[in-house]
Amino acid sequence: MMVLITYDVNTETNAGKTRLRKVAKQCVNYGRRVQNSVFECVMDYGKCQEVKHILEKIIDKDKDSLRFYYLGNNYKSKIEHVGAKESFDVEGSLIV
């Protein structure tokens, strides 16, 4: 299923900047960045719960927030892209 992970980390302190880097680094492991704090991830429910648990341990719940949008398996009809960054197939091949 497609899961959209978004986050807002308070970066007023050095600790916040560190949390931001850690959250972003974890999200890169599971999906593709489509905007600064937005990742599209194709994963099953178990993997999603794993990622959620990892990210919850990183953030400060009094200052930061996470959002998970569950778009399901028919996500292609639910996403529309307009603007500068090219759209891509998140399930397609990656050239390294």
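Contact here means that heavy atoms lie within 4.5 Å. The model is predicted.

**Residue T6**
- By that criterion, and not counting residues up to four places away in sequence, T6 touches S37, V38, S65, L66, R67 and Y69.
- T6 lies in strand β1 and is buried, its relative accessible area being 14%, where the cut-off for buried is under 20%.

**Largest nonpolar core**
- The largest nonpolar core comprises 18 residues, among which I5, Y7, V23, C27, M43, L55 and F68 touch the most other members.
- At least two residues of this core come from each of β1 (2–8), α1, β3 (38–42), α2 and β4 (65–72).
- In soluble globular proteins, nonpolar side chains tend to be buried together.
- Once neighbours within four places in sequence are set aside, I5 is in contact with C27, S37, V38, F39, C41, V51, L55, R67 and F68.

**Packing of α1 and α2**
- Helix α1 (residues 14–30) and helix α2 (residues 45–58) have axes that come within 10 Å and cross at roughly 170 degrees.
- Angles over 145 degrees count as roughly antiparallel, and α1 and α2 are therefore roughly antiparallel to each other.
- On the α1 side, the contact is made by R19, K22, V23, Q26, C27 and Y30; α2 contributes K47, E50, V51, I54, L55 and I58.
- The residues of this contact comprise seven nonpolar, one polar and four charged.

Notes: Residues numbered from 1 in each chain as written. Predicted model: local features only at pLDDT ≥ 70, side-chain atom pairs only at ≥ 80, totals over all residues. Heavy atoms only, no water. Axes fitted to C-alpha atoms, helices over the stretch in contact; angles between N-to-C directions. Helix = DSSP H or I, 4+ residues; strand = E, 2+ residues; numbered from the N terminus. Parallel < 35°, antiparallel > 145°, perpendicular 65-115°, else oblique. Nonpolar A, V, L, I, M, F, W, Y, C, P; charged D, E, K, R; others polar. Core = buried A, V, L, I, M, F, W, Y, C linked by side-chain atoms within 4.5 Å. Buried < 20%, exposed > 50% of the residue type's maximum accessible area, 1.4 Å probe, protein only.
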